[in-house]
Amino acid sequence: MVYGYCRCSTNETKQDINRQKRELAELGATADTIYFEYESGTKINRPELNKLMNVVQEGDTIVTTEISRITRSTKQLCDIIETIKNKHLKLVIKNSVTLDCTAGENIDPMTKAFLQMAGVFAELERNMICDRVKSGMNNAKAKGVKIGRPQKTIDEIPDSVKKHFDKYRNGELTKKEYARLCNISRPTLDKYIAIMTDK
């Protein structure tokens with residue numbers, strides 16, 4: 001049986017995972033045997049990858065488009081290689097390397113080393129991306145750019161909140177009553193109060 005695994009770091013609204021699925025289908029996986037998820041490649045405990053590694057049996061093949069899709073952790077890659085060896089599986093990285101342990105033979109040292117080096121570079125790439133993002137955010141902050149979601153303004157506060165603000169401020173309403181009257185949560189009300197207090 002041929003199983004496929006694909007992964008994106010962010011959700012489907014930001015990244016399209018279908019290209020990976022199409023490539024896995026070309027490698028022999030089917031819609032029923034492709035496991036996919038939106039998780040960081042550095043995360044060790046990934047539900048779909050765990051399911052895949054539990055369902056595969058001796059002689060099965062796992063296909064993926066690139067090493068960084070299956071993991072960006074060198075340690076986890078070493079664990080996966082051991083599972084491939086112990087379960088007598090085949091791992092196919094598209095246009096890269098095939099690790100075939102279906103016959104129960106020892107892993108070729110060159111193949112294992114190549115896979116591990118690919119894992120090192122996948123982890124390095126992830127770390128470099130993180131460093132670039134942090135550097136960019138620090139640079140933006142230094143220029144006075146505000147990072148994060150834009151703060152709401154007084155004009156964006158619902159009329160019902162504005163209408164009853166004076167009653168709350170004068171002690172005629174408790175915060176709980178105020179939130180219930182405006183049909184909003186307490187944390188949201190707290191944000192609105194902060195804005196109206198500072199205006």
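Okay, housekeeping before anything else. What we have is a predicted model, where local features need pLDDT of at least 70 and side-chain atom pairs count only at pLDDT 80 or more, while totals for chains, interfaces and linings use all residues. Residues are numbered from 1 along each chain as its sequence is written, and side-chain values use heavy atoms, with hydrogens and water left out.

So, the overall picture. The protein chain has 9 helices and 5 strands; those are DSSP runs numbered from the N terminus, H or I of at least four residues for helices, E of at least two for strands. Reading from the N terminus, you get β-α-β-α-β-α-α-β-β-α-α-α-α-α. Its radius of gyration is 26 Å, well over the 16 Å that the globule rule gives for 199 residues, so the chain is more spread out than a compact globule. That radius is over C-alpha atoms, and the rule is 2.2 Å times the number of residues to the power 0.38. Along the principal axes, the C-alpha trace spans about 80 × 40 × 25 Å.

How much of the chain is buried? Of the 199 residues, 34%, with buried meaning under 20% relative accessible area, using a 1.4 Å probe and protein chains only. As for contacts, meaning heavy atoms within 4.5 Å, take those with a separation of 6 or more: 59% are between residues 24 or more positions apart.

Now look at strand S3, residues 61–64. Strands count as paired if DSSP finds at least two bridges between them. S1, residues 2–8, runs parallel to S3 with 3 bridges, and Tyr3 sits opposite Ile62. S3 also runs parallel to S4, residues 90–93, through 4 bridges, with Thr61 opposite Lys90.

Where do the side chains of S3 go? Thr61 and Val63 point one way, Ile62 and Thr64 the other, and all of them are buried. In a regular strand, side chains alternate between the two faces of the sheet.

How many disulfides does a search of the whole structure find? The count is 0, where a disulfide is a pair of cysteine sulfur atoms within 2.5 Å. Cys101 is in none, and the nearest cysteine sulfur to it, that of Cys78, is 14 Å away. Cys101 counts as buried because its relative accessibility is 1%. Cys182 is buried too, with a relative accessible area of 8%.

That's the tour, thanks.

Conventions. Buried < 20%, exposed > 50% of the residue type's maximum accessible area, 1.4 Å probe, protein only.
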